[in-house]
Amino acid sequence: MSDLIEIDDIKRTFRVRRGMFTPAATLNAVAGVSLAVRKGEVLGIVGESGCGKSTLARMILGLLPTTSGAIRIGGRDIRQVPRRELARRMQPVFQDPYSSLNPRRRICDIVRLPLDVQGNGTRDERRAQAIAALDKVGLPARYADNFPSQLSGGQRQRVAIARALVTEPEIVVCDEPTSALDVSVQSQILNLLMDLRRDRGLTYVFISHNLAVVEHLATRVAVMYLGRVVELAPTAEIFASPKHPYTQALLASVLTPMPGLGIPDAGLGSQSPDPLNVPAGCPFHPRCPKAFDRCRTTVPHITTLGAATVACHLAENARPVQPAIA
Amino acid sequence: MSGTALTPRRKASLLEVKGLTVDIRTPSGPLQAVRDISFEVDRGETVCLVGESGCGKSITSLAIMGLLPRSATCRAERLAFDGIDLTTIDRHRRNDLRGNRMAMIFQEPMTALNPAWTIGEQLIEVHRRHIGKGDKVARARAVDLLAKVGIASPAERLGQYPHQLSGGLRQRVMIAMALMCEPELLVADEPTTALDVTIQAQILRLLADIRRDLGIALLLITHDLGVVARIADRVNVMYAGAIVESATAAELFAAPRHPYTQGLLACLPRPGVTMAGDRLGTIPGVVPSLVGGITGCAFRSRCGHAVPACAAPVPARTASPTHTFTCVHAHVGEREPA
């Protein structure tokens with residue numbers, strides 16, 4: 001599989017004002033991420049709120065410039081790719097189908113908009129294409145002239161997916177696409193995303209905090225913590241034998257619907273990570289049950305362990321240090 | 001504090017709900033948000049109300065706490081807390097109970113806490129209102145409870161405002177506030193939905209520990225079947241305002257009997273049960289409108305097993321002494337292929 005998107009050590013900082021008399025602080029939302037998105041894969045990105053996963057998605061989409069580092073799509077820097085071409089190759093699906101659709105436009109016009117921007121064909125042809133896209137996601141043509149407020153949450157998310165697919169992109173970046181939906185609707189949307197991938201050979205970047213969903217859909221998973229990728233591995237590998245203590249804690253916290261197992265203790269303590277105050281050394285060390293001296297002073301390298309890459313001193317000890325791997 | 005002395009003590013469940021119906025006035029007619037539901041919560045027990053958005057689970061909790069909006073009217077054959085009839089109770093006695101013997105935790109701690117008051121002021125206020133042994137005692141209790149819910153340096157936290165705390169810490173403060181007067185019943189409406197999985201597990205452990213250590217009864221409202229499986233003694237599954245199935249957690253997950261419960265479980269990606277990449281189960285259609293009421297089984301328009309008899313009132317069936325469901329079929333998909 002070839003790399004469709006190459007992400008090369010990107011960083012993004014924000015200036016955060018904390019009050020009238022305190023100087024603005026720098027928030028490192030993404031603090032050096034290198035990743036490759038391969039053609040045809042579903043790259044799952046997981047992590048707690050504030051770990052930078054949505055910021056990463058917005059940079060991949062070209063909606064937010066990077067502070068440093070580069071993102072290449074098909075070998076070209078996205079800053080050099082015209083916006084129109086970028087939009088043709090890559091489309092987003094966002095979390096909240098209530099706020100991501102313009103309430104004052106009709107469904108058909110919402111789905112047609114990307115085609116209007118591209119300027120393909122006549123108005124009638126574009127309308128026909130939009131209705132075909134709605135049909136593809138399981139929305140009958142009779143909804144075409146409705147407004148978003150007349151649809152249910154699941155139907156709205158279908159509209160958002162139809163809009164993303166109407167230009168036939170190669171890559172769809174989904175940021176928490178089912179988090180606002182009920183489970184019975186979530187399963188419909190997940191089935192739809194899997195069908196579309198199979199039929200069209202789509203590549204997904206799939207961001208979610210729901211690990212059961214990621215396990216079900218993703219082929220590879222990147223785990224983020226405070227702006228860094230701490231572990232990257234094929235899905236089966238990461239769920240069967242997580243290497244990073246944070247990944248282990250995250251997986252241990254998932255409540256599968258199995259009665260009698262009780263509530264797990266991931267051993268993370270009650271501290272939450274503060275992105276404005278990232279600790280020295282390994283950013284995870286204050287919560288890590290396995291932390292030792294080196295964790296408090298030195299940022300761990302990225303180490304390859306089998307099919308996984310891990311940023312942890314324990315993994316370095318298990319293997320000789322290797323150069324950073326994208 | 002005076003009202004509680006008058007309470008008659010009977011040998012009955014701590015919370016009895018029988019035939020509870022809540023109507024909400026809407027421009028297009030009355031909406032039956034809760035339709036004739038019955039359940040009980042015993043002392044020291046964890047009971048879950050589970051269902052999707054709009055099924056009436058939150059309205060049920062508000063009806064129990066007496067916090068329904070003005071547009072809602074509530075009727076019940078019996079709605080009683082420790083033998084005290086909550087349908088006829090006057091406002092003052094209700095206020096004496098609420099926050100004191102029955103307390104509530106809300107989903108979004110940022111909107112449930114007052115942003116203009118410090119944590120300490122809010123915690124002490126509850127104690128002052130119901131126990132009134134002076135602020136020194138209240139302050140000591142607040143520090144004690146903040147430590148108990150796992151907040152580091154609790155004395156300093158008392159002077160902080162809600163916005164200075166993270167979501168997980170705010171939810172801990174909410175729990176501490178609910179515990180200030182040693183309630184007998186804790187009603188928690190989606191207490192972990194706004195939180196990360198790691199924090200969710202911690203908060204649920206905390207609730208489970210508190211229930212065990214203090215013998216509190218817990219009524220937990222959630223949409224998350226994973227949470228239900230891990231914490232509930234008894235589960236009530238709600239659909240379109242009615243309880244369609246009621247069972248122990250073990251029974252419900254091992255052998256769900258109502259087609260809706262079965263459908264809901266099939267929708268979940270479950271490691272070890274569903275294979276990665278397989279199609280997940282779905283429930284076709286949408287929830288029916290509750291405006292104007294419903295006769296017969298509310299799920300019949302989405303149910304693969306629906307027959308004409310579903311349009312008539314549906315019998316309650318018994319699968320075991322602790323397992324009931326309402327369906328015209330006595331056996332639906334009992335042995336589903338693995």
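Colleague: Which residue stands opposite A:K11 in strand 2 of chain A?
Modeller: A:K11 stands opposite A:A31 there. Strands here are DSSP runs of E, at least two residues long, while helices are runs of H or I, at least four long, and both are numbered from the N terminus.

Colleague: How should I read these labels, and what kind of model is this?
Modeller: Residues are numbered from 1 along each chain as its sequence is written, while chains are lettered from A and ligands numbered from 1 in the order in which they are written. This is a predicted model, where local features need pLDDT of at least 70, side-chain atom pairs count only at pLDDT 80 or more, and totals for chains, interfaces and linings use all residues.

Colleague: What about strand 4 of chain A?
Modeller: Strand 4 (residues 68-73) of chain A runs antiparallel to strand 1 of chain A, and five bridges join them. Across that pair, A:I7 stands opposite A:I71.

Colleague: And which strands make up the open sheet, in what order?
Modeller: The order is 2-1-4-5 in chain A, four strands with antiparallel pairing.

Colleague: Why is one side of strand 2 and strand 5 left without a neighbour in the sheet?
Modeller: Strand 2 and strand 5 (76-77) of chain A stand at the edges and each has a single partner strand, so one side of each has no neighbour in the sheet. Strand 5 of chain A pairs with strand 4 of chain A over two bridges, again antiparallel, and A:R72 in that pair stands opposite A:D77.

Colleague: What does helix 1 of chain A touch?
Modeller: Helix 1 (residues 53-60) of chain A packs on the sheet and touches strand 1, strand 2 and strand 4 of chain A. Contact here means that the C-beta atoms of two residues, placed from the backbone, lie within 7 Å. The helix direction makes about 60 degrees with that of strand 2 of chain A. For such angles, axes are lines fitted to C-alpha atoms, for helices over the stretch in contact, and angles run from 0 to 180 degrees between N-to-C directions.

Colleague: Switching to chain B: how many strands are in its open sheet?
Modeller: Eight strands, in the order 7-8-9-3-10-11-13-12, with mixed pairing. Strand 7 (102-105) and strand 12 (316-320) of chain B are the edges, each pairing on one side only. From one strand to the next, the twist averages 20 degrees.

Colleague: In which sense do strand 7 and strand 8 of chain B pair?
Modeller: They pair in the parallel sense over four bridges, strand 8 of chain B being residues 185-189. For instance, B:M102 stands opposite B:L185.

Colleague: Where does helix 8 of chain B sit, and how far does it reach?
Modeller: Helix 8 of chain B covers residues 197-214, 18 residues in total, and reaches 25 Å from first C-alpha to last, close to the 26 Å expected. That expected span is 1.5 Å times one less than the number of residues. Its buried residues include B:V197, B:I203 and B:L207. Buried means 20 or more other C-beta atoms within 10 Å, exposed means 12 or fewer, and partly exposed is in between, with C-beta atoms placed from the backbone. The cover over these buried residues includes helix 7 (211-217) and helix 9 (245-252) of chain A. Just after helix 8 of chain B, B:G215 takes a positive phi of about 65 degrees.

Colleague: Which residue other than glycine has a phi near 50 degrees?
Modeller: That's A:E176, in the loop between strand 7 (171-175) and helix 6 (183-200) of chain A.

Colleague: Why does A:E176 count as partly exposed?
Modeller: Because A:E176 has 19 C-beta neighbours inside 10 Å.

Colleague: OK, how many residues of chain A are in contact with chain B?
Modeller: 38 residues of chain A are in contact with 42 of chain B. Helix 6 of chain A gives the most to chain A's side, with eight residues.

Colleague: Last one: what pLDDT does chain B average?
Modeller: Chain B averages 89, and 95% of its residues score at least 70. pLDDT is the predictor's confidence in each residue, from 0 to 100. Over residues 1-10 of chain B, pLDDT stays under 50. For the complex, the predictor gives an ipTM of 0.83 and a pTM of 0.87.

Technical notes. Two strands pair if DSSP finds at least two bridges between them.
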